[in-house]
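Hi,

Here is the structure I promised to pass on. Have a look first, and then read my notes below.

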Amino acid sequence: MLDELVTVLSRCKRCVVLTGAGMSAESGVPTFRGDEGLWRKFRPEELANVDAFMANPELVWEWYNWRRQLMAEVEPNPGHFAITAMEKWFEHFTMITQNVDGLHRAAGTKSILELHGNIARNKCLDCNRPFEIEGEIDSGQIPACPKCGGKIRPDVVWFGEMLDPETIQSAFSEAERADVFFSIGTSAVVHPAASLPVTAKRQGAVLVEINPERTPLSELADFRFSACSGELLPSLMDALRETSGGGD
Ligand code: OAD
Ligand code: ZN
């Protein structure tokens, strides 16, 4: 099946990749919906929303501090590096990620749309201004915005919040024009991200899914690899390089 995909890809100019938490699993970042993703028995939906933050900002900050520390210690895996190589291989390439861990950038990928923000950044809850601080946020003494006094929060998208309009619009416009769309390591249940592959497919893109588990997208996919992205993507890049005579 890999050979068949390589043949198809050699005719594709515009490639779009959507990634989710499974992409970073092999780097040691827990996914959201796996059992190991639970922190003190909380489901992410219970902590990643404005009401939770208003009710108990200390608890939400403790969770983010735990995740920040975890993400600061991990490194990109071979899947991330294979995507960086894909970016160079295709004439036009866009990476759309739901991950907030920054690992795609760390692996050298350039064209990245971070749909759900970035966990390393902070902003004001009330006026949205970015907030920079050396070191950690103390969950017992959450800083206040120097402009408006609002509480400082992580610059990520929470459940029930809008995505940055420009970012999501660019993502949809790339999806619409894609020749091939890869959905990698995402459970494809959180919208609007989960609509991107459907849009791409409807507009004629070849849809490829890489995920050891089936998802709502699996039925739609033209190619489905029940595999870990850190293994499958490097093999795919090797196969592509072979057919194109060894280029980068
Ligand atoms: P999920 O935790 O929902 O899904 C992770 C997916 O990765 C699952 O389908 C796994 O089967 C798959 N997976 C696990 N290991 C893998 C591997 N080594 N290679 C490939 N796939 C693997 O994470 P997301 O789909 O990213 O949103 O979740 C979407 C959004 O929900 C997140 O961005 C976050 C979350 O709550 C917000 O915080 C707004
Ligand atoms: Zn403010």
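How much area do domain 1 and domain 2 bury between them? About 300 Å², with 69% of it on carbon and sulfur atoms. Buried area here is the accessible area (1.4 Å probe) that two parts lose on being put together, summed over both.

Before going on, some housekeeping: this is a predicted model, where local features need pLDDT of at least 70, side-chain atom pairs count only at pLDDT 80 or more, and totals for chains, interfaces and linings use all residues. Residues are numbered from 1 along each chain as written, chains are lettered from A and ligands numbered from 1 in the order written, and side-chain values use heavy atoms, leaving out hydrogens and water.

**The two domains**

Domain 1 covers 2-28 + 76-116 + 162-244, while domain 2 covers 38-73 + 126-156; the bounds come from an automatic or database domain assignment. Their C-alpha centres lie 29 Å apart. Four residues of domain 1 and five residues of domain 2 make the contact (heavy atoms within 4.5 Å). Val100, Asp101 and His116 supply 81% of the area that domain 1 buries against domain 2.

**The ligand**

Around ligand 1 there are 21 residues, and Ala21, Arg33, Thr186, Ser187 and Asn211 come nearest (near means a heavy atom within 4 Å). One oxygen atom of ligand 1 is 2.7 Å from an N or O atom in the side chain of Thr186. A nitrogen atom of ligand 1 is 3.0 Å from a polar backbone atom of Ser229.

Cheers

Notes
Polar contact = N/O pair within 3.5 Å; in protein donor to acceptor, adjacent residues only side chain to side chain.
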